[in-house]
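I opened my notebook to walk through this model one stop at a time. Here is what I looked up, in order.

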Amino acid sequence: TGVMAKSKFEYVRNFETDDTCLRNCYIVVRLDGRNFHKFAEQHNFTKPNDDRALGLMARSARSVMEDLEDISIAYGQSDEFSFIFKRSTNWFKRRGSKLMTHVASQFSSSYVFYWKEYFGEQPLLYPPGFDGRVVLYPTNHNLKDYLRWRQADCHINNLYNTAFWTLVQKGGLSTTQAEERLNGTLSGDKNEMLFSEFNINYNNESPLHRKGTTLIWEKVDETLTKTISLPKEGEKEVTFTRSRRKVTALNCDIIGDSFWEEHPDILE
Ligand code: ATP
Ligand code: ATP
Ligand code: MG
Ligand code: MG
Ligand code: MG
Ligand code: MG
């Protein structure tokens, strides 16, 4: 038992730089699919929203939350997912590169591992990749605004894409014509166009597409039965409940205050 042998090459370790994340801050890791515009086309994603792809993203994110430490909430839309580590986490001594690369590699391998569950017989043509970044947020307000920013982005893109593909698929416009038609329009104009010309009330579109996916930990009561053997009574069935933490997917608004009031445990 002893000291690890040190070679004369050991000094090269000193070239490693410190990337410890500032204490007390929320650590956000955001992943984004590499070149997914092309990936979506090559794998026949339906436009503007492919539910198989969104399901696979959420499944991979759940694997990240379950398999890594101290992630309290995750939010995803399109080809991106953000993971928020608790302020108090000390996982890998808060080394940014360790946290980010573990998130990115667990996510990428899960995306491939679960591909078939969502895409069935449609083959995965090449190994997809995801980039990652780390951002620190010092206050609850900043963190909430970060997540609000991502959901606002989801809303803006989805409203645009819904209007665009409705003009193309139902209105018979070319993609160039649809683009010209939407140039300079505000949200209200797009809502009005969808309603008056296509009888589509945007607010009734799928919450998955409008709001993205929020993953949180929720307590669930599990009822279990087990057989025990007692010295006098012999074998006996007992039922008991235990409380377990489970990742739950929501497609709700996280911009307003009510989500945050209903889930005070997310923020510390
Ligand atoms: P980069 O490598 O710079 O991120 P990118 O091609 O991935 O380039 P993004 O801005 O990340 O560009 O956009 C992701 C693109 O992937 C979307 O514009 C869309 O074309 C496609 N995409 C991702 N998820 C879905 C989905 N669920 N349904 C349909 N298309 C999707
Ligand atoms: P950490 O998550 O901290 O990296 P670890 O268990 O991966 O923990 P490492 O120091 O990276 O620890 O060591 C990798 C271990 O994996 C080796 O000690 C060995 O037990 C096993 N291993 C890796 N590659 C092989 C291989 N080709 N053949 C046999 N064992 C291997
Ligand atoms: Mg990008
Ligand atoms: Mg991308
Ligand atoms: Mg993206
Ligand atoms: Mg190792």
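First stop: I found Ser72 in strand β2 (strands are DSSP runs of E, at least two residues; helices are runs of H or I, at least four; both are numbered from the N terminus). A word on the source: this is a predicted model, with local features needing pLDDT of at least 70 and side-chain atom pairs pLDDT 80 or more, while totals for chains, interfaces and linings use all residues. Residues are numbered from 1 along each chain as its sequence is written, and side-chain values use heavy atoms, without hydrogens and water.

I checked burial next: Ser72 is buried, at 12% relative accessible area (buried is under 20%, exposed over 50%, partly exposed in between, with a 1.4 Å probe on protein chains only). Setting aside neighbours within four places in sequence, I listed the contacts of Ser72, among them Met65, Ile84 and Trp217 (contact means heavy atoms within 4.5 Å).

Then I turned to the metals. The magnesium ion (ligand 5) has Asp32 (OD) and Asp79 (OD) as protein donors, 2.1 to 2.2 Å away (donors are N, O and S atoms within 2.8 Å of the metal, or 3.2 Å for Na, K and Ca; water is not among the atoms, so sites may look incomplete). Asp32 lies in strand β1 and Asp79 in the loop between β2 and β3, so the pair ties together parts 47 residues apart in sequence. I noted Asp32 as partly exposed, at 22%, and Asp79 as buried, at 13%. The magnesium ion (ligand 3) sits 4.6 Å from the magnesium ion (ligand 5).

Terms used:
Chains are lettered from A and ligands numbered from 1 in the order in which they are written.
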